[in-house]
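Hello,

Here is the structure for you to look over. My notes follow it.

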Amino acid sequence: MSSDTITSFLRSLIPDPSSPLQLVLLGLAGFFAVRSALSARANKGPAKFSMADVTETSVPTKRDFTPSELAQCNGQDDATPLHIAVRGVVYDVSTARGFYGPGGPYANFAGRDASRGLALGAFDTSILTDVDDPIDTLEDLDKAENEALDEWATFFKGKYVPVGRLVDEPMTPERKAALEKKEEDKKNKEKEEKELKEKEKAEKELKDKAEKDEKDAAAAAAATEESTESKKDI
Ligand code: HEM
């Protein structure tokens, strides 16, 4: 029964509020009305968190941000919004400029998808996906990293207002070509680095072997000399 229903029901029973009995009844009506209202509020309670709430599709989307649009929201000055993305959701963290604003301990996350940094517990900006790269799928994260990121996602959802979703830049032919070139350059660089390491390793092995041969030869020469000396003595 709602508080209004109880109150109006008792009011209908109390035509003369000046009578003591009727005043008691009126008091009771007030008590039930307040209790009912409080209990309705308690039952409502804070929304329970579920990971489903932070998926890209179920977040109440205000707008979509591409990584380059998000990068504009880096809070570099008080007039610039300060946003960061966690698991595909963009949060307004303008209330925490001390953390994410210029000079703050987590300024590296400003205007960026912070997911990988949070998952790995690393500040290094090189860990984060380049602004012009496709959105980090985070597929390679292990169980512990995923759990760490889930905890951060819960934290951000509880503390900050989600302002949108992180979405990929449109895939134009130019962008596709640029990404393919970047990927090829990266592979070539990795190959060159690997070859250089192998070359250095081979050179070190040769040098070590030459040194060892030299030592062995010196030891052999010393042994021969010693044996000649001892033969002379005999
Ligand atoms: C060197 C070790 C670290 C120390 C001493 C430290 C210290 C702190 C402190 C004191 C807070 C504030 C907590 C509060 O408001 O109750 C905080 C918050 C935070 N820390 Fe760290 N932290 C460290 C490492 C890290 C690392 C490795 C990361 C992730 C890469 C990180 C990310 C954060 C984030 C995202 C917040 C929340 C800021 C917010 O309220 O929005 N911290 N840290």
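The shell around the ligand divides into seven nonpolar residues, two polar and no charged. Here Ala, Val, Leu, Ile, Met, Phe, Trp, Tyr, Cys and Pro count as nonpolar, Asp, Glu, Lys and Arg as charged, and the others, Gly among them, as polar. The residues in question are V93, A96, F99, Y106, G117, L118, G121, A122 and F123. Each has its C-beta atom, placed from the backbone, within 6 Å of the ligand.

Two points on the source. This is a predicted model: local features need pLDDT of at least 70, side-chain atom pairs count only at pLDDT 80 or more, and totals for chains, interfaces and linings use all residues. Numbering starts from 1 along each chain as its sequence is written.

Now the strands (DSSP runs of E, at least two residues, numbered from the N terminus). Pairing takes at least two DSSP bridges between two strands. Strand β2 (residues 83-86) runs antiparallel to β3 (residues 89-92), with four bridges. H83 has D92 as its bridge partner in β3. Two residues lie between the strands of this hairpin, and R87 takes a positive phi near 50 degrees. β3 also joins β4 (residues 161-166), again antiparallel and through four bridges. There V89 stands opposite R165.

Last, the packing around V86. V86 touches Y91, A114, S115, L118, W152, A153 and F156, leaving aside residues up to four places away in sequence. Contact means C-beta atoms, placed from the backbone, within 7 Å. L118 is also one of the residues around the ligand.

Best wishes

Note on methods
Two residues are in contact if their C-beta atoms, placed from the backbone, lie within 7 Å.
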